[in-house]
Amino acid sequence: SSGINAEWSLRPGEHGSHKVLPVIPQLIIPIKNALNTRKKSSVCTSLKILQHLVISANCIGEALVPYYRQILPILNIFKNKNINKGDGIDYSQQRRENVGDLIQETLEAFETHGGPDAFINIKYMVPTYESCVNN
């Protein structure tokens, strides 16, 4: 989606949250739709965008918390689909295309940057998630 591509150009520190915050609601539906395709490439790109948004400005993580109910159910489905190839090499890890790993990274970014209510909201939607902060 063009909305997703437009935000992909954000770099941490280059834009203040005042430019990103107003478009968060408009980004949620395209991201949710991309996740719901369940196509690995779309899911991976969406997760990378979500991570990027969360670290791009201070209050973006907290601004996403109300949208967890739209974003996280599909992540819960995929979370345990981390590919285990035994002794084989999973080359998807080099390209950051291992869905399970990207989901874990995204949830950790949500928890780290999402403020005091992030963990409980993540845990509610993704019961197998373990805190990366409260260990």
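1. Leucine 35 is in contact (heavy atoms within 4.5 Å) with Val43, Ser46, Leu47, Ile71, Ile74 and Leu75, once its neighbours within four places in sequence are left aside. This is a predicted model, in which local features need pLDDT of at least 70 and side-chain atom pairs count only at pLDDT 80 or more, while totals for chains, interfaces and linings use all residues. Residues are numbered from 1 along each chain as its sequence is written, and side-chain values use heavy atoms, with hydrogens and water left out.

2. One of the partners of leucine 35 is Ile74, and isoleucine 74 lies in helix α6 (helices are DSSP runs of H or I with at least four residues, strands are E runs of at least two, and both are numbered from the N terminus). The C-alpha atoms of isoleucine 74 and leucine 35 are separated by 6.7 Å, although these residues are 39 residues apart along the chain. With neighbours within four places in sequence again set aside, isoleucine 74 is in contact with Leu35, Asn36 and Arg38. Isoleucine 74 counts as buried because its relative accessibility is 4% (buried means under 20% relative accessible area, exposed over 50%, and partly exposed in between, with a 1.4 Å probe and protein chains only).

3. Helices α6 and α8 pack at an angle of about 50°, with their axes 9 Å apart (axes are lines fitted to C-alpha atoms, for helices over the stretch in contact, and angles run from 0 to 180 degrees between N-to-C directions). The two helices are therefore oblique to each other, given that angles under 35 degrees count as roughly parallel, over 145 as roughly antiparallel, 65 to 115 as roughly perpendicular and the rest as oblique. On the α6 side the contact is made by Tyr68, Arg69, Leu72, Pro73 and Asn76, and on the α8 side by Ala118, Asn121, Ile122, Tyr124 and Met125.

4. For the chain as a whole, the secondary structure comes to eight helices and zero strands. Buried residues make up 41% of the 135 residues in the chain, and among contacts between residues at least 6 apart in sequence, 68% join residues at least 24 apart.
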